[in-house]
Amino acid sequence: MSTPSLAALPIRRLMHRDLTACADLSEDRGWPREEHKWGFLLAAGKGYGIDDPQGGLLAACVITEYGPWGSPDLGAIGMVLVAERHARQGVGRRLMRHVVSIMGTTPLTLHATPNGRPLYEELGFKVTGRAEMLRGRFTPGGAETGVLTRAATAEDLPAILRLDEEVFGADRTPLITRLPAFADQLRVAEESGRIIGYTAAWPNMDTHVVGPLVARDTATAQTLITSLAAHTDRPLRTDIDVRHEELLTWAKARGLASVAFNAVMTYGITDLPGDWTRRFAPLTVAAG
């Protein structure tokens, strides 16, 4: 029996039962398996993949939609992976074109590595920003900000959702309501009983990823990160919008080192919606 050409292999929706195959694909490309993150993304978003006739997945990606059900305001694309043995054969381009096509007129965004950026530019994505990945063991210290933080409760969720939609510019309820189960920590900053920021720390391999990080100002963001670090023994990792220079300088002084830069790209819009001045870090670069 002859092996079908790559172009003839169907693209299908991925389900939670594909979690192990997705993690295997990550490992094939030299990425961490990140099963916890894959499970979250497949539950909160829509996965698409191509089965390898020899077993497993040949390619995969996930798109997370925000806004009204059935008519999203924005789609975030992430985890675009092609098996090493099929790299540079047009598979990633075909999968991305499929996703862009099914999203129709919905604006799209993604974080691109330097290797992935040329493909996305070829498909019409434009660079509209940049994020810097930091990683390291946080060292407490510095002046007190006076901002009060505490662990979030179930009663805080409506206020967190309102703040997130205001800052992000789209309703992210399917993502944010999964945070309490996904993250090891979910904390809020408040002033006079009003929530002015929130953040989470979720486990990813040997680190805790700080994200999302939404805050009224830099001092609030600093206090939220400090509060997360006080409750974990793991190194921290986060991706900070490079426009937040003050927070980046502070984080590096506290022990987090620069690891990489990713380009923030958009399709169908010239810039992301919402208020970037209060949006310090995404939940994950794979979902915005």
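These legends describe close-up views of a predicted model.

**View 1**
Arg150 is partly exposed, at 26% relative accessibility. Glu190 is also partly exposed, with a relative accessible area of 22%. In the model as a whole, the count of salt bridges comes to 23.

Asp217 and Arg216 form a salt bridge in which the closest N and O atoms are 3.3 Å apart. Asp217 is partly exposed, with a relative accessible area of 29%. The value for Arg216 is 34%, and Arg216 is partly exposed as well. Side chains of opposite charge can pair when their charged atoms come close.

**View 1. The largest nonpolar core.**
This core holds 39 residues, and the members that touch the most others are Trp38, Tyr66, Leu179 and Tyr198. Helix H2 (residues 35–44) gives the core its largest share, five residues. Beyond its neighbours within four places in sequence, Leu179 is in contact with Leu186, Tyr198, Ala200, Pro212 and Leu283. A second, separate core has 24 residues, among them Val91, Leu108, Leu119 and Phe125.

**View 2. Helix H2.**
H2 is mostly covered, with seven of its 10 residues buried. Which residues of H2 are buried? They are Lys37, Trp38, Gly39, Phe40, Leu41, Leu42 and Ala44. Trp38 is also one of the residues that touch the most other members of the largest nonpolar core.

Val264 is found in strand S12 (residues 257–267). Is Val264 buried or exposed? With a relative accessible area of 10%, Val264 is buried, because buried means under 20%. Leaving aside neighbours within four places in sequence, the contacts of Val264 include Thr109, Leu110 and His111. Val264 is also in contact with Lys126, Val127, Thr128, Gly129, Arg130 and Ala131, and with Leu272. Thr109 and Val264 are 155 residues apart in sequence, and their C-alpha atoms are 7.3 Å apart in space.

**View 3. The largest pocket.**
The volume of this pocket is about 1100 Å³. Its lining has 35 residues, and those closest to the centre of the pocket are Trp31, Val80, Thr113, Gly116 and Tyr120. The elements that each supply at least two lining residues are strand S4 (74–82), helix H3 (91–102), strand S5 (108–112), helix H4 (117–122) and S12. S4 gives the most, with six residues. By residue type, the lining divides into 18 nonpolar, 11 polar and six charged residues. Rolling a probe the size of a water molecule over the atoms shows where empty space is left.

**View 4. The second largest pocket.**
This pocket contains about 270 Å³ of space. It is lined by 14 residues, and Ala44, Lys46, Glu65, Trp69 and Pro174 lie nearest its centre. H2 and strand S3 (57–66) are the elements that give two or more residues to the lining of this pocket. Which element gives the most to the lining of the second largest pocket? S3 does, with three residues. The lining is made up of seven nonpolar, two polar and five charged residues. Ala44, one of the residues nearest the centre of this pocket, is also among the buried residues of H2.

Conventions. Residues are numbered from 1 along each chain as its sequence is written. This is a predicted model: local features need pLDDT of at least 70, side-chain atom pairs count only at pLDDT 80 or more; totals for chains, interfaces and linings use all residues. Side-chain values use heavy atoms; hydrogens and water are left out. A salt bridge is a side-chain nitrogen of Lys or Arg within 4 Å of a carboxyl oxygen of Asp or Glu. Buried means under 20% relative accessible area, exposed over 50%, partly exposed in between (1.4 Å probe, protein chains only). A nonpolar core is a set of buried Ala, Val, Leu, Ile, Met, Phe, Trp, Tyr and Cys residues joined through side-chain atoms within 4.5 Å. Helices (H or I, at least four residues) and strands (E, at least two) are DSSP runs, numbered from the N terminus. Contact means heavy atoms within 4.5 Å. On a 1 Å grid over the protein atoms alone, a cavity is a set of points where a 1.4 Å probe fits but cannot get out, and a pocket is an open set with protein on both sides within 12 Å along at least five of seven lines; lining residues have an atom within 4 Å of a point. Grid points are joined across faces, edges and corners, and a volume is the space filled by probe spheres set on the points. Ala, Val, Leu, Ile, Met, Phe, Trp, Tyr, Cys and Pro count as nonpolar, Asp, Glu, Lys and Arg as charged, and the others, Gly among them, as polar.
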